[in-house]
Protein chains: 2
Amino acid sequence: MTTEGEPLTKRDFEALARFRFGIRSYLRFSEETVRGHGLTPQQYQLLLALKGFPDRDWASVRELADRLQLRHNSVVELVNRAQGEGLVTRAAHPTDARAVRVLLTKLGEKVLAQLSTLHRDELRRMGSALTPPV
Amino acid sequence: MTTEGEPLTKRDFEALARFRFGIRSYLRFSEETVRGHGLTPQQYQLLLALKGFPDRDWASVRELADRLQLRHNSVVELVNRAQGEGLVTRAAHPTDARAVRVLLTKLGEKVLAQLSTLHRDELRRMGSALTPPV
DNA sequence: CGACTTTGTATCGTGATACGATATGAGGGC
DNA sequence: GCCCTCATATCGTATCACGATACAAAGTCG
């Protein structure tokens with residue numbers, strides 16, 4: 001890879017494009033797998049963000065907005081839809097009455113477990129296609 | 001990471017979520033940077049796919065559909081919009097009269113070079129946050 | 001060299017969803 | 001208690017990828 005500041009070579013562009021292709025391939029796999037199980041990609045990411053939240057199994061809307069890199073209102077809508085499908089629930093926040101605790105339902109747990117296994121396997125399959133060029 | 005078949009541990013979920021967070025962070029950075037230069041994320045990906053195409057500097061719509069992981073008609077629309085902004089051009093395909101050669105304009109080259117440098121730097125900055133868990 | 005299939009591009013209408021603007025109500029400092 | 005900030009929620013809008021469809025060129029095979 002070229003050093004800081006220098007113009008990129010053809011090979012650098014190819015490397016960047018290849019990496020982007022890797023990401024898109026992974027996301028495409030994710031989308032198809034997840035849709036095959038009846039949820040949208042965003043819903044899977046929501047479930048994963050909950051179960052994968054450090055040291056906890058739930059999160060507030062605001063925390064989710066950070067982890068999903070979305071605006072808070074977008075997360076509200078996402079949670080609404082996921083709740084409508086019985087994947088997550090809302091509960092009172094332990095300390096802050098303004099906030100909400102979003103957590104997985106039994107169904108959400110089950111679907112997430114299946115999907116996550118498939119994703120881990122795909123990650124292994126893709127191997128170095130996903131490692132960023134630097 | 002857990003071995004094949006076994007159920008995922010909390011730590012596995014965290015690793016998967018962290019990786020997804022990395023991807024979304026990178027894409028978010030990309031989106032904001034790219035929009036700041038007057039193009040959409042898809043347009044940047046289009047330009048990059050062209051310049052980063054192996055051994056060539058152009059591609060057909062079909063090839064782009066593969067590299068961008070989109071349906072061909074979506075690529076047609078994307079190329080239309082990018083062409084409307086003077087970023088790419090269409091030219092006759094050298095051997096196949098059905099196909100089209102999509103290639104960068106001077107403007108497209110210039111913008112792409114600037115943006116790609118920023119992306120390379122961001123990749124360096126993010127470091128291991130983007131390496132897939134396996 | 002015709003008829004039939006496949007391949008590449010293009011058009012149109014639709015659906016999903018992230019967003020900005022806005023509202024409501026609970027914290028927390030003073 | 002007053003004010004400002006923060007967390008969640010609602011609504012209208014715009015973007016964009018998609019399926020369905022159309023058409024033209026290329027390949028195929030008798």
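Reply: The contact (heavy atoms within 4.5 Å) takes 54 residues from chain B and 54 residues from chain A. The model is predicted, so local features need pLDDT of at least 70 and side-chain atom pairs pLDDT 80 or more, whereas totals for chains, interfaces and linings use all residues. Residues are numbered from 1 along each chain as written, chains are lettered from A in the order written, and side-chain values use heavy atoms, without hydrogens or water.

The area buried between chain B and chain A, meaning the accessible area (1.4 Å probe) that the two lose on being put together, summed over both, is about 4,800 Å². Carbon and sulfur atoms give 58% of that area. On the chain B side, B:Phe13, B:Arg20 and B:Arg120 lose the most area to chain A, together 15% of what that side buries.

Between the chains there are 2 salt bridges, each a side-chain nitrogen of Lys or Arg within 4 Å of a carboxyl oxygen of Asp or Glu. A:Asp57 forms a salt bridge with B:Lys10, their closest N and O atoms being 3.0 Å apart.

In chain B, the elements that give two or more residues to the side touching chain A are helix 1 (10-36), helix 2 (41-51), helix 3 (61-68) and helix 5 (106-126), helices being DSSP runs (H or I) of at least four residues, numbered from the N terminus. Helix 1 of chain B supplies the largest share of this side, 17 residues. By class, the side of chain B that touches chain A has 23 nonpolar, 12 polar and 19 charged residues, with Pro counted as nonpolar and Gly as polar.
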